[in-house]
Amino acid sequence: MNAEPLRKILELEQKKGYVDSAVFGGLDRFLGNWSGPAEESITDPHLRKLFRKLVDSSGYASLTKPQRKEWVDDVLHRLAGAGGGEGEAAEPPAKVMTALPGARKPAAGGPPAQADSPGLDSPITVIKGISSSWTAKFGKLGVKTVRDLLYFFPHRHLDYSQVKFISQLGEGEEQTVIANVWQAKVTMLGGRRRGTEAIVGDETGNIRVVWFNQPYLAKKLPTNTRIVLSGRVSLFKGRPVFESPEWEMVEAKDSIHTGRLVPVYPLTQGLRPRQVRKLMKEVVDQWAWQRADFLPPELRQRCDLLELPPAISQAHYPEDGSLKDRARVRLAFDELFLLQLGVMSKKHDWQAGQPDSALDTEAPLREVFLKSLPFTLTAAQQKVLQEILADLQKPQPMCRLLQGEVGSGKTVVATAALLTAVANGCQGAFMAPTEILAEQHFATIDALLSRTGQAEEKETYLRSYAGLLSRPLTVALLVGDINQARKKELQQRVLEGDVDIIIGTHTLIQKGMEFPRLGLVVVDEQHRFGVSQRSALRQKGFRPHMLVMTATPIPRTLALTLYGDLDLSVIDELPPGRQAVKTKWLKPWQRNSGYAFLRRQVAGGRQAFIVCPLIEESEAIAAQAAVAEYQRLSREVFPDLRMGLLHGRLSAGEKGEVMHRFRSGGLDILVSTPVVEVGIDVPNATVMLVESADRFGLSQLHQFRGRVGRGTEQSYCMLLAENPSEVARERLDIIEKIQDGFELAEEDLKLRGPGEFFGTRQSGLPDLRMARLFDVALLELARREAIKLFQEDPTLGMPGHRSLAKELVRVWPEAGEWS
């Protein structure tokens, strides 16, 4: 190997004081260009090994001066002794390797964890440089502890790792150069704005650099300063120019903003990208190594996963694209694996050690009910009912998820299951997410049972039917609007076993509600309920059979993840006669024609919904926006039509009154906030007009669309969007073309990712930051490994699983009892 060029450059570097100026472009670039031919000429395997380590670990520009001195001196020493060929020269000492960023060991990231050092769960104020105003800003992003900061991952990286000569720069790409500042001055840019203009150069040429609105940079860039610039190059009057690139001094200890894969973090007002990147680099270097790896080593090796500390580090500041991907896989695996363990523990906890829950499914009552229906069940409904009945016969309580499009007939199937429980001398509970929906279920079941048995005199919130059992069968409605005296009376009747089916909201699991013989619980629109409400049933000592229903089409991957504790049933066909809802995305100039079409439908005896988005997180402000839109439409657009308003700030009584008027035909148009999404059934409504449709996801838009088309008339969904983003345009294009809810859900998942798709935070499940739920292979690997480990050690009591048990409790306290 001809090492003479390297030796000369390193000796010159010593003389210049280790400022990385011995060769144009810096030592790292020289090593990159020189290493290929040099390595080919090495015949000695030991020297080749040393050479590879030297080149692979190079990161000279990012070292401090003392580290550079140590590195240069050591390499010169080894080059001097290379003639021997073998022996000591084969392995560079650890201290040199750890000085290079490519081979950093935990200790280099900061001091080893001390017993008295602030823990990972300390508030972020323990980190030097974080002020109270920064604490408040990070708080808005959900970051409160040191651990939160470690898991505050960038949403993407800019690739500034490709260092080029100025002569090689092309227009439009993200690129990096190392250059000398020849001149920097404050100037007027764009005619009105003060900024900084600089001329920089390397051995191949010069380029103009401008920073808008940053005149202060001129003082920071004195002549002959050596800097790294990363960003996009544009053409101005035919000449290339760097516009507002990231920059830093070549002497910087470690590149943060340039010359690498640079993280882009989520920000809020008052947090600037450079500040956050600098802070995150310090936090990761100091704290990532204090994070214990909770995965059993044999599992980690079997799945070829990175250890946790380097995975966290590489997720923020990756050395290259390959390590960035491996870090994401490790962190995504953690999320999915813990989620799977959690849902399995819930199912185990729900089913284990139960008294015999088996029901006799030979129930004449159910058969009488099914024969009394004015229609026959579809093949899909019959298949799903058989799956449910097979579960009810087992001694373990059922845990089943029933998916079905709006109008596919889930309520009829649920009623048949509830009657099976009643025929066995048990009570059934039907829980809905909103009072409107609970009241609707009460009305629907009343109408169904009135055909089956003989309806007796109606009481407030209570219905009885004779001729079905040896005594009247009773159904009660329990919602917040009931006066206290009647509520207590109904609760007492439930306690005494006089009520067979109880319909309500989460009030059914509140204090004061006792069920002596609860056999089956049906939970509608489970994700609105959340895991915590469901576990409240368990804390009351109940382990009934459970049927969870949702009209939100959930892709199989997502269902397996979020409902891993539930067996899956799908009603995948609509009743005969249901027509597809014609869907049209209206451009702003088509608004008036949309209103005219709606008016024609109303003139033909039909009704319409108009949905206003929840623009603000505050329900109060959203209600004000809905009121303002209602007033505008009533005054300017439809002054002659009968209009109603529905929003979250109305009392249950007011909501009920509006819905009753709309259902009974007393209103032509119902203006509503997205409360309409869940379960409102008005067969005569044929038009759904959604304002600011670009603010909703595909699944939500599909739910709105499902509110119409429930009768025999052709129905229409019109989507208005003033100025949609590119992603929103894509969504609106998709919903125009696709009617199938499951297909839409898959598309939605790809467009939005899991967190937004399903609001996992609201559902009581751990948040998914890294996992992509369309990555089926990783999801299945995590599920397989979770099943294997759960079978070996369901309580995680084995010594090698204690860290994992602690992590599971920390991430998901509701998951179960862990030792």
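**Entry 1. Aromatic pairs**

I began with the aromatic rings of this predicted model. I then took up the pair of W134 and F138, whose ring centres are 6.0 Å apart. Their planes stand at 65°, so I recorded the pair as edge-to-face, the cut-off for that label being over 60 degrees.

I next looked up where the two residues sit. W134 and F138 both belong to helix α6, which covers residues 132-140. They are 4 residues apart, which is about one turn of the helix.

I noted both F597 and Y716 as buried.

Returning to W134, I asked which residues form one aromatic cluster with it. The cluster consists of W134, F138, F152 and Y265.

**Entry 2. Lysines over rings**

I searched for charges placed over aromatic faces. K281 lies over the face of Y317, at 5.5 Å from the ring centre. K587 lies over the face of W585, where the distance to the ring centre is 4.0 Å.

**Entry 3. Positive phi**

I turned to the backbone. Most residues other than glycine have a negative phi. N213 is not a glycine, yet I found a positive phi of about 60° there. I located N213 in the loop between β5 (205-212) and α8 (217-220).

Y461, likewise not a glycine, has a positive phi of about 60°. Y461 is in the loop between β12 (454-455) and β13 (462-466). With 24% relative accessibility, Y461 is partly exposed.

**Entry 4. Helix α27**

I followed helix α27 from residue 776 to residue 792 and recorded 17 residues. From the first C-alpha to the last, helix α27 reaches 24 Å, close to the 24 Å expected at 1.5 Å a residue. Which residues of α27 are buried? I listed L778, L779, L781, A782, E785, A786, L789 and F790. Viewed down the axis of α27, these buried residues fall within an arc of 160°, so they line one face of the helix. On the other side of α27, I found A777, R784 and Q791 exposed.

**Entry 5. Q440 and the cysteines**

I placed Q440 in helix α16, residues 435-452. Q440 is buried, with a relative accessible area of 10%. I then compared Q440 with I503, which is 63 residues away along the chain. The C-alpha atoms of Q440 and I503 are 10.0 Å apart.

How many disulfides does the whole structure contain? My search of the whole structure gave 0 disulfides. I looked up C399 and found this cysteine buried, at a relative accessible area of 4%. C426 is buried too, with a relative accessible area of 16%.

**Entry 6. The open sheet of 9 strands**

I traced an open sheet of 9 strands with mixed pairing. The strand order is β12-β13-β14-β15-β11-β16-β17-β10-β18. Why is one side of β12 and of β18 left without a neighbour in the sheet? β12 and β18 (567-571) stand at the edges and each has a single partner strand, so one side of each has no neighbour there.

Within this sheet I checked the pairing of β11 (residues 427-431) with β16 (residues 518-524). The two strands pair in the parallel sense over 5 bridges. I noted L518 in β16 as the bridge partner of Q427.

**Entry 7. Strand β21**

Lastly I looked at strand β21, residues 643-646, and found both of its faces covered. M643 and L645 are buried on one side, and G644 and L646 are buried on the other. I counted 4 bridges joining β21 to strand β22 (residues 669-672), and the two strands run parallel. In β22, S672 is the bridge partner of L646.

Technical notes:
Residues are numbered from 1 along each chain as its sequence is written. This is a predicted model: local features need pLDDT of at least 70, side-chain atom pairs count only at pLDDT 80 or more; totals for chains, interfaces and linings use all residues. Side-chain values use heavy atoms; hydrogens and water are left out. Rings of Phe, Tyr and Trp (its six-membered ring) pair if their centres lie within 6.5 Å; planes under 30 degrees apart count as stacked, over 60 as edge-to-face and the rest as tilted. Buried means under 20% relative accessible area, exposed over 50%, partly exposed in between (1.4 Å probe, protein chains only). A charge sits over a ring if NZ of Lys or CZ of Arg is within 6 Å of the ring centre and within 35 degrees of the ring normal. The expected span of a helix is 1.5 Å times one less than its number of residues. The arc is that of the directions from the helix axis to the C-beta atoms. A disulfide is a pair of cysteine sulfur atoms within 2.5 Å. Two strands pair if DSSP finds at least two bridges between them.
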